[in-house]
Amino acid sequence: MTLHKSLPLLLVALLATACHGHRRAKLVVDTQPLPRTVAIEVEVYDPVSGFVWQDVSVRIVEAYHEWSGCVCESPWFDDYYYTDSSGLVYLDEYSLAFAEVGFLEDTEQRAIVESGRFEDEAVVTLEISAPTFETVWVDVPVSWDEPIAFVSVPFE
């Protein structure tokens, strides 16, 4: 094979080597936002006096979940949380998971919401009650954008 005949092959090989040397690899990273734990803080107050109520029971009744379309009722009918001297009760991510109302859970068994378009919202129904008072139900929305909800409930 003469140089004249091998020149085209040599040029193709040289061109391929030059192009390969300038090629840059692109690293594509999927940056899905992480799930967030959910919690609800409830304040129970007397709308007439403006004072808060201590020892009022709050129960997690059910939750509607956007991702499943499920209204999941808690199997625990006697799982009550009581307001403190400030009229507050905090239902953390463990309480919401324990209530078994359909929340997704992480590896630590905490209730979470995902960031996906159809996975990021839920509505939790709470029962507020005390002896000799009329029971009140309240729906509390939680979402990936606002995973910790605060609700102030008038109770008389």
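**A disulfide and its neighbouring strands**

Cys70 and Cys72 form a disulfide, with 2.3 Å between their sulfur atoms. The model is a predicted one, and a search through the whole structure turns up one disulfide. For readers new to the term, a disulfide is a covalent bond joining the sulfur atoms of two cysteines. The link of Cys70 and Cys72 is right-handed, with 135° about the S-S bond. Cys70 has 26% relative accessibility and counts as partly exposed, whereas Cys72, at 15%, counts as buried because the cut-off for buried is under 20%.

Strand 4 (residues 71–73) pairs with strand 3 in the antiparallel sense over three bridges, and Tyr64 stands opposite Val71 of strand 4. These two strands form a hairpin with five residues between them, and Gly69 in the turn has a positive phi of about 70°.

Three bridges pair it in the antiparallel sense with strand 5 (residues 80–82), where Tyr82 lies opposite Ser57. Eight bridges join strand 3 to strand 9 (residues 121–129), again running antiparallel, and here Arg59 stands opposite Glu127. Seven of the nine residues of strand 3 are buried, so this strand is largely enclosed by the rest of the structure.

Two bridges pair strand 1 with strand 8 (residues 111–113), and Val113 in strand 8 is the bridge partner of Arg36.

Definitions and conventions: Residues numbered from 1 in each chain as written. Predicted model: local features only at pLDDT ≥ 70, side-chain atom pairs only at ≥ 80, totals over all residues. Heavy atoms only, no water. Pairing = 2+ DSSP bridges. Helix = DSSP H or I, 4+ residues; strand = E, 2+ residues; numbered from the N terminus. Disulfide = S-S within 2.5 Å. Buried < 20%, exposed > 50% of the residue type's maximum accessible area, 1.4 Å probe, protein only.
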